[in-house]
Amino acid sequence: MLEREFTIDANNLDLTIYESLDDSYAQSLCENELEIPEECIRKIECYENVFKIYLAPSRKYFRDDWYVNLQRLKFVS
């Protein structure tokens, strides 16, 4: 099964970033602003202006609202 990964541009004005970007803050953004369930997040990597989300390998969430919305955001690739 394919692993799903998304790159989030942390400089985007649609995200509310008050602190310096680290793994725990990125995790909070994923769960609270992007509404990704904690159990679907396998790993998060932070870089200078972006962070990557690696989702758990599952097809169960492909039709969930949060997943569909995540794919439509301009600051997500």
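## Reading a predicted fold

Author: Let's start at a turn: three residues make up the hairpin that joins S2 to S3. The model is a predicted one, in which local features need pLDDT of at least 70 and side-chain atom pairs count only at pLDDT 80 or more, while totals for chains, interfaces and linings use all residues. Residues are numbered from 1 along each chain as its sequence is written, and side-chain values use heavy atoms, with hydrogens and water left out.

Reader: How many helices and strands are there in the protein chain?

Author: Helices (H or I, at least four residues) and strands (E, at least two) are DSSP runs, numbered from the N terminus. Here the protein chain has two helices and three strands, and along the sequence they follow the pattern β-α-β-β-α.

Reader: In what order do the three strands of the sheet stand?

Author: Strands count as paired if DSSP finds at least two bridges between them. In this structure the three strands form an open sheet in the order S1-S3-S2, with antiparallel pairing. Strand S1 (4-9) and strand S2 (41-46) stand at the edges with a single partner strand each, so one side of each has no neighbour in the sheet. From one strand to the next, the twist averages 20 degrees; angles run from 0 to 180 degrees between N-to-C directions, with axes fitted as lines to C-alpha atoms, for helices over the stretch in contact.

Reader: Over how many bridges do S2 and S3 pair? And which residues of S3 stand opposite Lys 43 and Glu 45?

Author: S2 pairs with strand S3 (residues 50-55) over five bridges, in the antiparallel sense. Lys 43 is opposite Tyr 54, Ile 44 is opposite Ile 53, and Glu 45 is opposite Lys 52. On the S1 side, S1 and S3 pair over six bridges, again antiparallel, and Ile 8 has Phe 51 in S3 as its bridge partner. As a general idea, side chains in a regular strand alternate between the two faces of the sheet.

Reader: Across which strands do H1 and H2 lie?

Author: Helix H1 (residues 23-32) lies across S2 and S3, at about 130 degrees to S2. Helix H2 (residues 65-72) lies across S1 and S3, at about 55 degrees to S1.

Reader: Which residues in H1 are buried?

Author: Buried means under 20% relative accessible area, exposed over 50%, and partly exposed in between (1.4 Å probe, protein chains only). In H1 the buried residues are Tyr 25, Ala 26, Leu 29 and Cys 30. They cover an arc of only 140 degrees around the axis, which puts them on the same side of H1; the arc is taken from the directions from the helix axis to the C-beta atoms. S2 and S3 are among what covers these buried residues. Turned away from that buried side is a face of H1 with the exposed residues Ser 24 and Asn 32.

Reader: Which residues have the most contacts inside the largest nonpolar core?

Author: A nonpolar core is a set of buried Ala, Val, Leu, Ile, Met, Phe, Trp, Tyr and Cys residues joined through side-chain atoms within 4.5 Å. The largest one here has 21 residues, and Ile 8, Ile 36 and Ile 53 have the most contacts inside it. S1, H1, S2, S3 and H2 each give two or more residues to this core, with the largest share, four residues, coming from H1.

Reader: What does Ile 53 touch?

Author: A contact means heavy atoms within 4.5 Å. Not counting residues up to four places away in sequence, Ile 53 touches several residues, including Phe 6, Ile 8, Cys 30, Leu 34 and Ile 36. Across the protein chain, residues 24 or more positions apart account for 52% of the contacts with a separation of 6 or more.

Reader: Is Leu 55 buried or exposed, and how many residues apart are Leu 55 and Glu 5 in sequence?

Author: Leu 55, in strand S3, counts as buried because its relative accessibility is 0%. Leu 55 and Glu 5 are 50 residues apart in sequence, yet 6.1 Å apart in space, C-alpha to C-alpha. For the whole protein chain of 77 residues, 34% count as buried.
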